[in-house]
Amino acid sequence: MLKLEKDTRHKVRFVLNGSPVSGWADARMLLSDFLRQELGETGTHVGCEHGVCGACTVRIEGRAVRSCLTLAVQAEGFDIQTVEGLAGDDGALNALQTAFRKHHALQCGYCTSGILMSLTDMFQRNPSPSRDEIEDVVGGHICRCTGYAGIMDAALEVAEAGAGK
Ligand code: FES
Ligand code: FES
C-alpha cells in the first residue's frame with residue numbers, strides 16, 4: 001500500500017549579511033548545514049561539528065556563535081553575519097581581512113572564516129583590546145597551519161590602530 005510521507009521540514013527566514021533569506025530545514029538541521037547546503041553560503045566552514053574547533057563561527061545579533069551548535073530553526077527572525085558579509089559592497093577587504101593578508105595569517109584557510117568572525121565580535125565591543133584579550137579569543141579556535149603568530153600579528157595591528165569594526 002502506498003504510504004505518503006508527511007513533510008516535516010520547517011520554513012526558516014532570517015536576515016543574512018543584510019539581505020532577507022529563507023529556506024527549508026528539518027527540525028534537527030544545524031545552522032552550519034543550512035547556510036552551506038540550503039543557502040549555498042560556503043564561507044562558513046565545518047570541522048569538528050561539536051563546538052571545539054571554531055571553524056563554523058558566525059555572528060547572530062552581533063555575537064559570535066558556533067553554528068554547528070545552533071539549529072537552523074533557532075535562527076528564525078535573527079540578524080546573521082557570516083564571513084561573506086565582512087567585505088564592502090565593492091568587494092574591498094575590511095581592516096581585519098587586510099591585516100590577515102598582510103601578515104600571512106592563514107595557510108589552508110580552513111579556520112580563517114571562524115577566527116575572523118570571533119575577532120569581529122571582539123572588535124565590535126572593544127576596538128582596542130589587549131594582547132591577552134586577543135589571545136583569549138584566538139585560543140577558542142583550532143588552526144593546524146599557522147602557529148597563530150600571523151593571526152596575532154594581524155589582530156594586534158588592528159587593535160593598535162583601533163580600526164576593528
Ligand atoms: S565545526 Fe563548529 S566548532 Fe568545530
Ligand atoms: S590556516 Fe589552516 S587551519 Fe588555520
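Start by selecting Leu119 and Ala155: of the 41 residues in the largest nonpolar core, these two touch the most other members. Such a core is a set of buried Ala, Val, Leu, Ile, Met, Phe, Trp, Tyr and Cys residues joined through C-beta atoms within 7 Å.

A note before moving on: you are looking at a predicted model, where local features need pLDDT of at least 70, side-chain atom pairs count only at pLDDT 80 or more, and totals for chains, interfaces and linings use all residues. Residues are numbered from 1 along each chain as its sequence is written, while chains are lettered from A and ligands numbered from 1 in the order in which they are written.

β1, α1, β4, α2 (95–102), α3, α4 (131–138) and α5 (149–161) each supply at least two residues. These labels are DSSP runs numbered from the N terminus, with helices (H or I) of at least four residues and strands (E) of at least two. The biggest giver is α3, with six residues. Both domain 1 (10–85) and domain 2 (95–161) provide at least three core residues; their bounds come from an automatic or database domain assignment.

Zoom in on Ala155 again. Leaving aside residues up to four places away in sequence, Ala155 touches Leu119, Ile134 and Val138; contact means C-beta atoms, placed from the backbone, within 7 Å.

Next, show the strands. Five of them form an open sheet in the order β2-β1-β5-β3-β4, with mixed pairing; two strands pair if DSSP finds at least two bridges between them. β2 (19–25) and β4 (63–66) are the edge strands, each with a single partner, so one side of each has no neighbour in the sheet.

Select residues 10–16 and 79–81: these are β1 and β5, which run parallel and are joined by two bridges. Leu16 has Ile80 of β5 as its bridge partner.

Last stop: the domain boundary. Here 16 residues of domain 1 are in contact with 14 residues of domain 2. On the domain 1 side, β3 gives the most, with three residues.

Conventions:
A residue is buried if 20 or more other C-beta atoms lie within 10 Å of its own, exposed if 12 or fewer, and partly exposed in between; C-beta atoms are placed from the backbone. Two residues are in contact if their C-beta atoms, placed from the backbone, lie within 7 Å.
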